[in-house]
Amino acid sequence: MTIPLRVAMIGHGFMGAAHSVGWRQAPAAFDLPLAPSMAVLVGRDADKTAAAARRWGWDETSTDWRAVIARDDIDVVDIVTPGDSHAEIAIAALAAGKHVLCEKPLANSVEEAEAMEQAAQDAAAHGIRAMVGFTYRRVPAVTLMRDMISAGRIGTIRQVRASYRQDWLADPESPMTWRLDKNRAGSGALGDIGAHIVDMTQFVTGHALTEVSGVMETLVEERPVLDEAVGLGGTAGTERGAVTVDDVALFTGRLESGTLATFEATRFATGRKNALDIEISGDAGALHWNLEDMNALEFYDATRPAGEQGFTRILVTEPEHPYLSGWWPTGHMLGYEHGFSHQVKDLTEAIAAGADPQPTFADGLRVQRVLDAVERSAHSGSAWTGV
Ligand code: SOE
């Protein structure tokens with residue numbers, strides 16, 4: 001009989017919905033070694049939490065996360081709250097002997113991330129696992145990109161170009177949300193979407209960033225205050241609130257291999273809805289991927305005869321591609337939500353195998369240090385700053 005893995009999820013906003021889909025779908029798509037069950041959904045407002053639990057299929061609800069992590073019948077704590085509560089909940093859950101999945105960015109500061117990483121190390125000694133949710137690593141085309149780079153298909157990496165562009169704040173009347181409050185979110189475009197391209201760069205290249213130089217700007221400094229949060233936005237009242245985070249963060253980085261990389265994170269790229277774009281250029285070829293066309297990976301093979309070169313579009317929808325064996329027959333597409341199922345698959349398999357699920361809290365801390373170095377650089381007038 002399969003051993004149960006009883007999950008409590010704390011938070012039920014946009015990421016709560018995405019994680020719920022992952023917990024629901026993964027056991028159906030993949031033969032998992034443990035059987036995840038959606039045991040308890042935790043939120044601050046009892047009615048809203050109950051409505052979310054009904055919608056996404058959680059068995060029970062609670063408004064007291066401390067009581068829930070103390071329960072013996074909970075094995076995993078999944079944290080999808082704003083960044084200001086990640087450290088407190090994750091450290092308490094690990095100390096209570098629960099495996100932890102924590103949304104990205106790991107924390108709001110390096111100090112918090114260090115404490116979380118230490119807690120994860122202490123817990124690992126007792127077989128307890130911790131993972132940070134950089135789900136885009138688990139888009140099949142991104143995993144394939146990493147596999148092809150590590151197999152040497154593009155040779156030595158010469159340059160990296162990564163951007164994550166959205167436009168949901170382009171309208172100055174778009175309302176305040178917790179994501180625009182430094183105390184709750186830690187930073188703006190930098191931590192929310194810049195964190196993804198930093199993690200993805202380090203993941204696919206296998207190299208850490210060692211120094212950065214950046215600028216950060218807030219383009220709209222006051223916005224209408226929200227009456228009710230819906231998705232990324234909501235309905236606004238007449239009051240206005242101060243935006244205390246960056247809208248745009250542009251930075252250059254150097255990998256430990258010496259390679260230069262450029263990064264752009266913005267919520268003001270009019271017309272770009274969720275455009276994470278990454279291109280890795282090597283001396284034997286190049287690889288390019290864009291989230292808005294997420295099933296395709298473009299590969300330029302510079303070892304082919306000169307007259308036959310050109311970017312080839314690989315449709316990453318085949319059973320031999322990463323994660324695809326769990327889904328549809330040849331040629332059928334995956335979407336945004338599948339990464340969350342792949343995250344559950346990888347976490348469950350790692351727990352069963354007694355291994356550290358990737359990305360670890362150490363990976364999350366590494367990203368946090370890069371974000372912190374970008375902020376320090378921006379405040380110092382863009383000086384090159386060590387990570
Ligand atoms: C909002 O900008 C957001 O939802 C991020 O927080 C997510 O991490 C990313 O997947 C999509 O955009």
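Tutor: Helix H10 is largely enclosed by the rest of the structure, because 15 of its 19 residues are buried. The burial cut-off is 20 or more other C-beta atoms within 10 Å of a residue's own. This is a predicted model. The mean pLDDT of the protein chain is 96, and 97% of its residues reach 70 or more. The model scores ipTM 0.94 and pTM 0.96.

Now the geometry. H10 covers residues 361-379. At 1.5 Å a residue, its 19 residues should span 27 Å. The end C-alpha atoms are 27 Å apart, so expectation and model agree.

Next, the two flanks. Pro359 sits in the loop between H9 and H10. A cis peptide bond joins Gln358 to Pro359, with omega about -10 degrees. On the other flank, Gly381 follows H10 and has a positive phi, near 80 degrees. Ser382 also has a positive phi, near 75 degrees, and is a residue other than glycine. Ser382 lies in the loop between H10 and strand S17 (385-386). Ser382 has 17 other C-beta atoms within 10 Å, so it counts as partly exposed.

Tyr323 is in the loop between strand S16 (312-315) and H9. With 21 C-beta neighbours inside 10 Å, Tyr323 counts as buried. The Lys104 to Pro105 peptide bond is cis, with omega near -15 degrees. Pro105 is in the loop between S5 and H5.

Now the domains. The domain assignment gives domain 1 (4-136) and domain 2 (138-357 + 366-386). Their centres, taken over C-alpha atoms, are 23 Å apart. In the contact between them, 36 residues of domain 1 meet 39 residues of domain 2. On the domain 1 side, the elements giving two or more residues are helix H1 (14-29), strand S2 (34-42), strand S5 (99-103), helix H5 (110-124) and strand S6 (130-133). H1 gives the most, with nine residues. That side divides into 23 nonpolar, 10 polar and three charged residues.

Met15, Gly16, His19, Ser20, Gly22, Trp23 and Ala26 are buried in H1. An α-helix has 3.6 residues a turn, so residues three or four places apart point the same way. The cover over the buried residues of H1 includes strand S1 (3-10), S2, helix H2 (46-56), strand S4 (76-79), S5 and helix H9 (338-353).

In an unreviewed entry, UniProt lists residues 5-123 as "domain: Gfo/Idh/MocA-like oxidoreductase N-terminal". That span is 47% helix and 23% strand, and its end C-alpha atoms lie 17 Å apart.

Last, a buried strand residue. Leu287 is in strand S14 (residues 285-290). It has 26 other C-beta atoms within 10 Å, so Leu287 is buried. Leaving aside residues up to four places away in sequence, Leu287 touches Met145, Met148, Ile149, Ile154, Ile280, Leu297, Glu298 and Phe299. Leu287 and Val204 are 83 residues apart in sequence, yet 10 Å apart in space, C-alpha to C-alpha.

Technical notes. Residues are numbered from 1 along each chain as its sequence is written. This is a predicted model: local features need pLDDT of at least 70, side-chain atom pairs count only at pLDDT 80 or more; totals for chains, interfaces and linings use all residues. pLDDT is the predictor's confidence in each residue, from 0 to 100. UniProt positions are given in the numbering used here, feature names are shortened, and annotations may be inferred rather than shown by experiment. Helices (H or I, at least four residues) and strands (E, at least two) are DSSP runs, numbered from the N terminus. The expected span of a helix is 1.5 Å times one less than its number of residues. A residue is buried if 20 or more other C-beta atoms lie within 10 Å of its own, exposed if 12 or fewer, and partly exposed in between; C-beta atoms are placed from the backbone. Domain bounds come from an automatic or database domain assignment. Two residues are in contact if their C-beta atoms, placed from the backbone, lie within 7 Å. Ala, Val, Leu, Ile, Met, Phe, Trp, Tyr, Cys and Pro count as nonpolar, Asp, Glu, Lys and Arg as charged, and the others, Gly among them, as polar.
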